[in-house]
Amino acid sequence: MEKTLTTNNREQTKQLGERISRLFEPGDVVLLKGDLGAGKTCFTSGVAKGLGVEEVVLSPTFNIMKCYFQGRIPLYHIDAYRLEDQNIEIGLDEYIEGDGVCLIEWPQFIESLIPDEYLEIVIKNLGGDDRSLSFIPHGKHFESIVDSL
């Protein structure tokens, strides 16, 4: 069952990421959808904080992926934007199917690598710092996470 929440500033968006991160387990895949500047990386920094990552989370746009290993469970942050119309056989599947939580921005560019069960989060800029975050579960595990929000 889809659930939509609204945040009114960057800190609330981070706090929502931090709150949901406590429910994540190794192997979880989260798809982050939204326009440039919607707040995907801001949300991810909250997830990182909730997992115990102390590093500053930056967008992996130019690196494609950033890994954070020092938290409760590893965090893999993928930005697939630059992979449109490219060979995606670069080993990302090892992280997507790995032992951490994998957050993927621009997942439509690596669709063939996405597992059957995942959590989809659509972030929309409502103007200013207001954001709408829609949580769409795909699979029982993610239904229970969304129900807990």
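This is a predicted model: local features need pLDDT of at least 70, side-chain atom pairs count only at pLDDT 80 or more; totals for chains, interfaces and linings use all residues.
At 16% relative accessibility, Glu18 counts as buried, because the buried class takes in residues under 20% relative accessible area. Glu18 is found in helix α1, and, leaving aside residues up to four places away in sequence, Glu18 touches Gly46, Val47, Lys49 and Gly50.

**The chain as a whole**

The chain has 4 helices and 7 strands, which follow one another along the sequence in the pattern β-α-β-α-β-β-α-β-β-β-α. For 149 residues, a compact globule would have a radius of gyration near 15 Å, and the 14 Å of this chain agrees with that. Taken along the principal axes, the C-alpha atoms fill a box of roughly 40 × 30 × 30 Å. Of the 149 residues, 50% count as buried, and, among contacts with a separation of 6 or more, 62% are accounted for by residues 24 or more positions apart.

The chain exposes about 7500 Å², of which carbon and sulfur atoms supply 45%. Its charged side chains comprise 14 positive and 25 negative ones, and the centres of these two sets lie 8 Å apart.

**Helices α1 and α2**

Helix α1, which covers residues 10-21, has 12 residues and reaches 17 Å from its first C-alpha to its last, close to the 16 Å expected at 1.5 Å a residue. For α2, the 12 residues should span 16 Å at 1.5 Å a residue, and its end C-alpha atoms are 17 Å apart, which agrees.

Which residues of α1 are buried? They are Thr13, Leu16, Gly17, Glu18, Ile20 and Ser21. An α-helix has 3.6 residues a turn, so residues three or four places apart point the same way. What covers the buried residues of α1 includes the strands β1 (3-7), β6 (118-127) and β7 (130-138), together with the helices α2 (40-51) and α4 (140-148). Gln12 also belongs to helix α1, but at 30% relative accessibility Gln12 counts as partly exposed. Between the C-alpha atoms of Gln12 and Gly46, 34 residues apart in sequence, the distance in space is 9.2 Å.

In α2, 11 of the 12 residues are buried, so this helix is largely enclosed by the rest of the structure. The buried residues of α2 are Lys40, Thr41, Cys42, Phe43, Thr44, Ser45, Gly46, Val47, Ala48, Gly50 and Leu51. Just after α2, Gly52 takes a positive phi of about 90 degrees.

**Loop residues**

Where does Gln70 lie? Its place is in the loop between β3 (65-68) and β4 (75-79), and at 38% relative accessibility Gln70 counts as partly exposed. Glu54 lies in the loop between α2 and β3 and is exposed, with a relative accessible area of 74%. The C-alpha atoms of Glu54 and Gln70 are separated by 7.8 Å, although the two residues are 16 residues apart along the chain. From Gln70 to Ser45, 25 residues apart in sequence, the C-alpha to C-alpha distance is 14 Å.

Trp106 is found in the loop between β5 (101-105) and β6. Its phi is positive, at about 60 degrees, although Trp106 is not a glycine. Is Trp106 buried or exposed? At 14% relative accessibility, Trp106 counts as buried.

| Residue | Relative accessibility | Class |
|---|---|---|
| Gln12 | 30% | partly exposed |
| Glu18 | 16% | buried |
| Glu54 | 74% | exposed |
| Gln70 | 38% | partly exposed |
| Trp106 | 14% | buried |

Notes. Residues are numbered from 1 along each chain as its sequence is written. Side-chain values use heavy atoms; hydrogens and water are left out. Helices (H or I, at least four residues) and strands (E, at least two) are DSSP runs, numbered from the N terminus. The radius of gyration is taken over C-alpha atoms; the globule rule is 2.2 Å times the number of residues to the power 0.38. Buried means under 20% relative accessible area, exposed over 50%, partly exposed in between (1.4 Å probe, protein chains only). Contact means heavy atoms within 4.5 Å. Accessible areas come from the Shrake-Rupley method with a 1.4 Å probe; for residues, only the protein chains shown count as cover. Lys and Arg count as positive and Asp and Glu as negative; His and the chain ends are not counted. The place of a charge is taken as NZ of Lys, CZ of Arg, CG of Asp or CD of Glu. The expected span of a helix is 1.5 Å times one less than its number of residues.
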